[in-house]
Amino acid sequence: MADVKKVIEIIDKIIADVDEQKLFLTELDNVIGDGDHGINLARGFDAVKTIEGTFEGKDIGAILKAIGMKLVSTVGGASGPLYGTAFMKSGALLNGKTEMDMNDFIEMLQVSIDGIMKRGKAVKGEKTMLDAMIPAHDAIAASYEADKDAKAAEEGIEYTKTIIATKGRASYLGERSIGHQDPGATSFTLMLKAVQELA
Ligand code: ADP
Ligand code: MG
(Lines give C-alpha, C1' and ligand atoms only; values in the text may rest on other atoms or scores of the structure.)
(Ligands and ions follow the chains in the order given, each with its own letter.)
Protein backbone atom coordinates (compact mmCIF):
# COMPACT_ATOMS: atom_id res chain seq x y z
CA MET A 1 0.00 0.00 0.00
CA ALA A 2 2.69 2.52 0.97
CA ASP A 3 6.41 2.82 1.64
CA VAL A 4 8.11 5.74 3.41
CA LYS A 5 8.30 7.79 0.22
CA LYS A 6 4.60 7.28 -0.44
CA VAL A 7 3.68 8.21 3.14
CA ILE A 8 5.61 11.48 2.78
CA GLU A 9 3.84 12.12 -0.53
CA ILE A 10 0.48 11.62 1.19
CA ILE A 11 1.50 13.95 4.03
CA ASP A 12 2.47 16.56 1.44
CA LYS A 13 -0.94 16.26 -0.16
CA ILE A 14 -2.66 16.59 3.22
CA ILE A 15 -0.62 19.75 3.94
CA ALA A 16 -1.64 21.20 0.55
CA ASP A 17 -5.30 20.15 0.85
CA VAL A 18 -5.70 21.48 4.39
CA ASP A 19 -4.23 24.76 3.23
CA GLU A 20 -6.54 24.87 0.23
CA GLN A 21 -9.62 24.04 2.32
CA LYS A 22 -8.78 26.10 5.40
CA LEU A 23 -11.32 28.82 4.69
CA PHE A 24 -14.05 26.27 4.00
CA LEU A 25 -13.27 24.40 7.26
CA THR A 26 -13.17 27.64 9.17
CA GLU A 27 -16.48 28.65 7.60
CA LEU A 28 -18.06 25.41 8.84
CA ASP A 29 -16.66 26.05 12.31
CA ASN A 30 -17.96 29.61 12.17
CA VAL A 31 -21.51 28.28 12.02
CA ILE A 32 -21.42 25.91 14.99
CA GLY A 33 -18.12 26.71 16.73
CA ASP A 34 -15.69 29.59 16.95
CA GLY A 35 -14.48 29.73 13.37
CA ASP A 36 -10.92 28.57 13.78
CA HIS A 37 -10.83 24.93 12.71
CA GLY A 38 -9.27 25.48 9.27
CA ILE A 39 -6.86 28.10 10.55
CA ASN A 40 -5.89 25.81 13.45
CA LEU A 41 -5.21 22.84 11.20
CA ALA A 42 -3.40 24.84 8.54
CA ARG A 43 -1.10 26.30 11.21
CA GLY A 44 -0.32 22.76 12.38
CA PHE A 45 0.31 21.28 8.97
CA ASP A 46 2.41 24.29 7.93
CA ALA A 47 4.55 23.50 10.96
CA VAL A 48 4.72 19.86 9.84
CA LYS A 49 6.10 21.11 6.54
CA THR A 50 8.99 22.75 8.39
CA ILE A 51 10.10 19.43 9.94
CA GLU A 52 9.90 17.38 6.75
CA GLY A 53 13.68 17.66 6.42
CA THR A 54 14.02 15.56 9.58
CA PHE A 55 12.05 12.66 8.02
CA GLU A 56 15.13 11.57 6.08
CA GLY A 57 16.10 8.04 7.14
CA LYS A 58 13.13 7.70 9.51
CA ASP A 59 10.61 4.84 9.42
CA ILE A 60 6.86 5.39 9.02
CA GLY A 61 6.23 5.12 12.76
CA ALA A 62 8.84 7.74 13.64
CA ILE A 63 7.50 10.11 10.98
CA LEU A 64 3.90 9.81 12.16
CA LYS A 65 5.00 10.29 15.77
CA ALA A 66 6.93 13.45 14.88
CA ILE A 67 3.88 14.79 13.03
CA GLY A 68 1.64 14.06 16.01
CA MET A 69 3.95 15.90 18.39
CA LYS A 70 4.13 18.86 16.04
CA LEU A 71 0.34 19.00 15.71
CA VAL A 72 -0.16 18.90 19.48
CA SER A 73 2.24 21.80 19.98
CA THR A 74 0.96 24.00 17.14
CA VAL A 75 -2.72 23.41 16.33
CA GLY A 76 -4.43 24.60 19.50
CA GLY A 77 -8.15 24.16 19.97
CA ALA A 78 -9.75 20.80 20.64
CA SER A 79 -8.65 19.33 17.35
CA GLY A 80 -4.89 19.77 17.99
CA PRO A 81 -4.54 17.30 20.84
CA LEU A 82 -7.08 14.99 19.17
CA TYR A 83 -5.39 14.79 15.76
CA GLY A 84 -2.03 14.85 17.54
CA THR A 85 -3.06 11.82 19.58
CA ALA A 86 -4.23 10.02 16.43
CA PHE A 87 -0.88 10.54 14.68
CA MET A 88 1.15 9.65 17.78
CA LYS A 89 -0.83 6.43 18.39
CA SER A 90 -0.44 5.56 14.70
CA GLY A 91 3.28 6.22 15.00
CA ALA A 92 3.58 3.86 17.96
CA LEU A 93 1.65 1.21 16.03
CA LEU A 94 3.90 1.45 12.96
CA ASN A 95 7.12 1.80 14.93
CA GLY A 96 10.08 0.50 12.87
CA LYS A 97 8.05 -0.15 9.72
CA THR A 98 9.25 1.08 6.35
CA GLU A 99 6.19 -0.28 4.54
CA MET A 100 2.55 -0.48 5.46
CA ASP A 101 -0.37 -2.43 4.00
CA MET A 102 -4.14 -2.23 4.20
CA ASN A 103 -4.19 -4.15 7.49
CA ASP A 104 -1.82 -1.61 9.02
CA PHE A 105 -4.03 1.20 7.78
CA ILE A 106 -7.15 -0.39 9.27
CA GLU A 107 -5.34 -0.81 12.60
CA MET A 108 -4.06 2.75 12.32
CA LEU A 109 -7.63 4.02 12.04
CA GLN A 110 -8.62 1.87 15.01
CA VAL A 111 -5.87 3.14 17.34
CA SER A 112 -6.62 6.70 16.21
CA ILE A 113 -10.30 6.28 17.04
CA ASP A 114 -9.47 4.71 20.41
CA GLY A 115 -7.04 7.53 21.21
CA ILE A 116 -9.50 10.26 20.26
CA MET A 117 -12.36 8.61 22.16
CA LYS A 118 -10.22 8.43 25.27
CA ARG A 119 -8.73 11.90 24.98
CA GLY A 120 -11.97 13.63 23.93
CA LYS A 121 -14.20 11.48 26.16
CA ALA A 122 -16.48 11.15 23.16
CA VAL A 123 -18.39 8.32 21.56
CA LYS A 124 -20.06 7.84 18.19
CA GLY A 125 -23.08 10.07 17.59
CA GLU A 126 -21.89 13.25 19.33
CA LYS A 127 -21.27 15.17 16.10
CA THR A 128 -17.48 15.00 16.03
CA MET A 129 -14.70 13.73 13.78
CA LEU A 130 -15.45 10.28 15.21
CA ASP A 131 -18.67 10.20 13.19
CA ALA A 132 -16.60 10.13 10.01
CA MET A 133 -13.74 8.02 11.41
CA ILE A 134 -15.71 5.11 12.85
CA PRO A 135 -17.81 4.41 9.72
CA ALA A 136 -14.68 4.82 7.57
CA HIS A 137 -12.83 2.25 9.66
CA ASP A 138 -15.77 -0.16 9.66
CA ALA A 139 -16.26 0.12 5.90
CA ILE A 140 -12.65 -0.54 5.03
CA ALA A 141 -12.33 -3.33 7.62
CA ALA A 142 -15.38 -5.04 6.11
CA SER A 143 -14.38 -4.69 2.47
CA TYR A 144 -10.63 -4.09 2.32
CA GLU A 145 -11.39 -1.62 -0.43
CA ALA A 146 -9.85 1.81 0.12
CA ASP A 147 -12.52 3.77 -1.72
CA LYS A 148 -15.25 2.40 0.55
CA ASP A 149 -13.81 4.23 3.55
CA ALA A 150 -13.90 7.66 1.95
CA LYS A 151 -17.50 7.07 0.91
CA ALA A 152 -18.43 5.98 4.44
CA ALA A 153 -16.67 9.06 5.86
CA GLU A 154 -18.70 11.28 3.53
CA GLU A 155 -21.87 9.61 4.70
CA GLY A 156 -20.59 10.26 8.23
CA ILE A 157 -20.40 13.98 7.43
CA GLU A 158 -24.02 13.87 6.23
CA TYR A 159 -24.96 12.05 9.43
CA THR A 160 -23.42 14.83 11.54
CA LYS A 161 -25.93 17.23 9.97
CA THR A 162 -28.80 15.26 11.48
CA ILE A 163 -27.62 15.14 15.11
CA ILE A 164 -27.11 17.48 18.04
CA ALA A 165 -23.54 18.22 19.12
CA THR A 166 -22.86 17.04 22.64
CA LYS A 167 -19.07 17.55 22.65
CA GLY A 168 -16.89 20.55 21.91
CA ARG A 169 -17.98 24.13 21.32
CA ALA A 170 -20.84 23.14 19.02
CA SER A 171 -22.54 21.55 22.04
CA TYR A 172 -23.29 25.07 23.36
CA LEU A 173 -25.73 25.43 20.46
CA GLY A 174 -27.78 22.39 21.42
CA GLU A 175 -30.59 21.82 18.92
CA ARG A 176 -29.39 24.72 16.80
CA SER A 177 -26.41 22.60 15.75
CA ILE A 178 -28.78 20.40 13.73
CA GLY A 179 -28.58 20.97 9.97
CA HIS A 180 -24.87 21.80 10.03
CA GLN A 181 -22.01 19.46 9.27
CA ASP A 182 -19.20 18.95 11.75
CA PRO A 183 -15.91 20.66 10.83
CA GLY A 184 -13.76 17.90 12.35
CA ALA A 185 -15.63 15.14 10.48
CA THR A 186 -15.01 17.19 7.35
CA SER A 187 -11.28 17.68 7.93
CA PHE A 188 -10.81 13.99 8.68
CA THR A 189 -12.54 13.07 5.41
CA LEU A 190 -10.26 15.43 3.53
CA MET A 191 -7.21 13.62 4.95
CA LEU A 192 -8.68 10.21 4.18
CA LYS A 193 -9.29 11.22 0.57
CA ALA A 194 -5.64 12.17 0.22
CA VAL A 195 -4.70 8.66 1.39
CA GLN A 196 -7.21 7.09 -0.96
CA GLU A 197 -6.02 9.10 -3.94
CA LEU A 198 -2.32 8.35 -3.53
CA ALA A 199 -1.95 5.01 -1.70
P1 ADP B 1 -12.18 24.17 19.06
O2 ADP B 1 -13.54 23.50 19.12
O3 ADP B 1 -11.46 24.11 20.35
O4 ADP B 1 -12.28 25.55 18.47
P5 ADP B 1 -11.39 23.17 16.46
O6 ADP B 1 -12.32 24.18 15.94
O7 ADP B 1 -10.03 23.14 15.87
O8 ADP B 1 -11.29 23.28 18.05
O9 ADP B 1 -12.00 21.70 16.24
C10 ADP B 1 -13.38 21.45 16.34
C11 ADP B 1 -13.63 19.99 16.00
O12 ADP B 1 -13.04 19.14 16.97
C13 ADP B 1 -15.12 19.63 16.01
O14 ADP B 1 -15.70 19.87 14.75
C15 ADP B 1 -15.12 18.16 16.39
O16 ADP B 1 -15.06 17.32 15.24
C17 ADP B 1 -13.83 17.97 17.14
N18 ADP B 1 -14.06 17.82 18.57
C19 ADP B 1 -14.30 18.78 19.49
N20 ADP B 1 -14.41 18.24 20.72
C21 ADP B 1 -14.24 16.89 20.57
C22 ADP B 1 -14.22 15.78 21.47
N23 ADP B 1 -14.40 15.94 22.79
N24 ADP B 1 -14.01 14.56 20.95
C25 ADP B 1 -13.81 14.38 19.63
N26 ADP B 1 -13.81 15.38 18.74
C27 ADP B 1 -14.02 16.63 19.20
MG1 MG C 1 -13.09 25.92 16.62
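The following dialogue examines the terms applied to a predicted model and the values behind them.

Modeller: In this predicted model, local features need pLDDT of at least 70 and side-chain atom pairs count only at pLDDT 80 or more, while totals for chains, interfaces and linings use all residues. Residues are numbered from 1 along each chain as its sequence is written, chains are lettered from A and ligands numbered from 1 in the order in which they are written, and side-chain values use heavy atoms, with hydrogens and water left out.

Colleague: Why is Asp-149 called buried?

Modeller: Buried means under 20% relative accessible area, exposed over 50%, and partly exposed in between (1.4 Å probe, protein chains only). Asp-149 has a relative accessible area of 1%, and is therefore buried. The residue belongs to helix α7, where helices (H or I, at least four residues) and strands (E, at least two) are DSSP runs numbered from the N terminus.

Colleague: Which residues does Asp-149 touch, leaving aside those up to four places away in sequence?

Modeller: With contact meaning heavy atoms within 4.5 Å, Asp-149 touches Phe-105, Ala-136, Ala-139, Ile-140 and Leu-192. Leu-192 lies in helix α8 and has a relative accessibility of 3%, so Leu-192 counts as buried too. Beyond four places in sequence, Leu-192 touches Phe-105, Ala-136, Asp-149, Ala-150 and Ala-153. The C-alpha atoms of Leu-192 and Ile-10 are separated by 9.7 Å, although these residues are 182 residues apart along the chain.

Colleague: What makes a set of residues a nonpolar core, and which residues have the most contacts inside the largest one?

Modeller: A nonpolar core is a set of buried Ala, Val, Leu, Ile, Met, Phe, Trp, Tyr and Cys residues joined through side-chain atoms within 4.5 Å. The largest has 52 residues, and Phe-45 and Phe-188 have the most contacts inside it. Elements giving two or more residues to this core include α1 (4–32), α2 (37–50) and α8 (183–198); the largest share, 8 residues, comes from α1. Apart from neighbours within four places in sequence, Phe-45 is in contact with Ile-14, Ile-15, Val-18, Leu-71, Phe-87 and Met-191.

Colleague: How do you know that Gln-181 makes a polar contact with Thr-186?

Modeller: A polar contact is a pair of N or O atoms within 3.5 Å; within protein, one must be able to donate a hydrogen and the other to accept it, and residues adjacent in sequence count only if both atoms are side-chain atoms. The side chains of Gln-181 and Thr-186 make such a contact at 3.1 Å. Gln-181 is in the loop between α7 and α8 and has a relative accessible area of 16%, so Gln-181 is buried.

Colleague: Why is Lys-121 called exposed, and Tyr-144 partly exposed?

Modeller: Lys-121 has a relative accessible area of 65%, and is therefore exposed. For Tyr-144 the value is 41%, so Tyr-144 is partly exposed. Lys-121 lies in the loop between α5 and α6, and Tyr-144 in the loop between α6 and α7.

Colleague: What is the phi of Lys-121, and what is that of Tyr-144?

Modeller: Lys-121 has a positive phi of about 50 degrees although it is not a glycine. Phi of Tyr-144 is near 60 degrees, also a positive value in a residue other than glycine. Most residues other than glycine have a negative phi.
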